[in-house]
Amino acid sequence: MLSGEVIAVTSGKGGVGKSTVSVNLAIALARKGLDVALIDLDIYGFSVPKMMNLSNRPKTFNGRIIPIESHGVKVMSMGFLVKDNDPVVWRGPMLGKMVEHFKNDVTWGKLDYCIIDMPPGTGDVALDLHHHIPQSKEIIVTTPHQTASLVAERAGKMTIKANHDILGIVENMSYFQPKDQSEKYYIFGKDGGDLLADTLNSDVLARLPIEEPNESSQTPSIYAENTNLCHHYDHLATRVDEKIAHKAH
Ligand SMILES: Nc1ncnc2c1ncn2[C@@H]1O[C@H](COP(=O)(O)OP(=O)(O)OP(=O)(O)O)[C@@H](O)[C@H]1O
Ligand SMILES: [Mg+2]
């Protein structure tokens, strides 16, 4: 069974950084000494195994799946269950079974947090999540671009309709700040996060800068300790943990 606080990282829009935020937030929470799981629910477009450089299939014990542990996080992804990067060709009802499968048939152990990387949009997987894990709270990712924020808003409105809590907004790719310069360049505009927070009556938990990936690393999407973005993610993890503690009282 899945214990702990379940946080789905979502957005109506693709390519805004949901997977990047999911992976780095999960790792930042684990760095704080918390027990953390990460579920990649992007069934067709899974990316977490590649981002974490995981190629082994999980082992099973007594018919249950043992999640793969990496960077202190227990990870489960559709990518572990398909052969050789084959495309997944399932239809809606089977997707629902996957949510149940990951929830019930994986030996998660005790968890403080379970971060769920959602596919883009407000489709079947989001409906299934609302149905099978009704207690899940959501973080909505947007870029500062106003169109992105408008599309992200759809995911937020769906969350509200389903009576889920919106924990807050993460504005990703907020600005670019060249090394050793104080000036920030707002490449995608400035207001997307605030606009979305106002509409959904929520607040912006983090504004994450654009940073070049470290291409010499095996895991360029994971921000190494002591990098600028790693500090931003530590701060985000603290805000998330405080918000959850506050809501629990
Ligand atoms: N802050 C950032 N700075 C620079 N590049 C970033 C940043 N955040 C994300 N990216 C890059 O943007 C691309 C999209 O990110 P990601 O895959 O996390 O988005 P996504 O919302 O999960 O996409 P999808 O909708 O396809 O699942 C990736 O190449 C990622 O490395
Ligand atoms: Mg993704």
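This passage walks through a predicted model of one protein chain, from the overall fold down to single residues.

Starting with the big picture, the protein chain is built from 7 helices and 10 strands. Its radius of gyration comes out at 17 Å, close to the 18 Å that the globule rule gives for 249 residues, so the chain is as compact as a globular protein of that length. Laid along the principal axes, the C-alpha atoms of the protein chain fill a box of roughly 55 × 45 × 40 Å. Of the 249 residues, 50% count as buried. As for how the chain folds back on itself, take the contacts with a separation of 6 or more: 78% of them come from residues 24 or more positions apart.

One helix pair can be looked at in some detail. Helix 5 covers residues 146-161 and helix 6 covers residues 192-200, and the two pack at an angle of about 30° with their axes 9 Å apart. Angles under 35 degrees count as roughly parallel, and helix 5 and helix 6 are therefore roughly parallel to each other. The crossing of helix 5 past helix 6 is right-handed. On the helix 5 side, the contact is made by Gln146, Ser149, Ala152, Glu153, Gly156, Lys157 and Ile160, while helix 6 brings in Gly192, Leu195, Leu196, Thr199 and Leu200. Sorted by class, this contact has 5 nonpolar, 5 polar and 2 charged residues.

Two further residues of helix 5 are worth a look. Methionine 158 is found in helix 5 and is buried, with a relative accessible area of 16%. Leaving aside neighbours within four places in sequence, methionine 158 is in contact with Thr122, Gly123, Ala126, Leu127 and His130. For threonine 122, which is 36 residues away from methionine 158 along the chain, the C-alpha to C-alpha separation is 7.4 Å. Leucine 150 also lies in helix 5, but at 54% relative accessibility leucine 150 counts as exposed, since the cut-off for that label is over 50%. Leucine 150 and glutamate 183 are 33 residues apart in sequence, and their C-alpha atoms are 28 Å apart in space.

Next comes the loop between strand 9 (166-172) and helix 6, where tyrosine 185 is found. With a relative accessibility of 35%, tyrosine 185 counts as partly exposed. Setting aside neighbours within four places in sequence, tyrosine 185 is in contact with Tyr175, Phe176 and Pro178. Methionine 76 sits 109 residues from tyrosine 185 in sequence and 37 Å from it in space, C-alpha to C-alpha. Methionine 173 is found in the loop between strand 9 and helix 6 as well. The backbone at methionine 173 has a positive phi of about 60°, although the residue is not a glycine. Methionine 173 is partly exposed, at 25% relative accessible area.

The loop between strand 10 (204-208) and helix 7 (228-248) holds threonine 219. Threonine 219 counts as buried, at 13% relative accessibility. Apart from neighbours within four places in sequence, threonine 219 is in contact with Met51, Met52 and Asn53. Asparagine 226 lies in the loop between strand 10 and helix 7 too, and at 65% relative accessibility asparagine 226 counts as exposed. Asparagine 226 is not a glycine, yet has a positive phi of about 75°.

Last up is glycine 109, in the loop between helix 3 (92-104) and strand 7 (113-117). Glycine 109 is partly exposed, with a relative accessible area of 45%. Once neighbours within four places in sequence are left out, glycine 109 is in contact with Ser3 and Lys74. From glycine 109 to valine 16 there are 93 residues in sequence and 31 Å in space, C-alpha to C-alpha.

Key: Residues numbered from 1 in each chain as written. Chains lettered and ligands numbered in written order. Predicted model: local features only at pLDDT ≥ 70, side-chain atom pairs only at ≥ 80, totals over all residues. Heavy atoms only, no water. Axes fitted to C-alpha atoms, helices over the stretch in contact; angles between N-to-C directions. Helix = DSSP H or I, 4+ residues; strand = E, 2+ residues; numbered from the N terminus. Parallel < 35°, antiparallel > 145°, perpendicular 65-115°, else oblique. Left-handed = near helix turned anticlockwise from the far one by under 90°. Contact = heavy atoms within 4.5 Å. Nonpolar A, V, L, I, M, F, W, Y, C, P; charged D, E, K, R; others polar. Buried < 20%, exposed > 50% of the residue type's maximum accessible area, 1.4 Å probe, protein only. Rg over C-alpha atoms; globule rule 2.2 N^0.38 Å.
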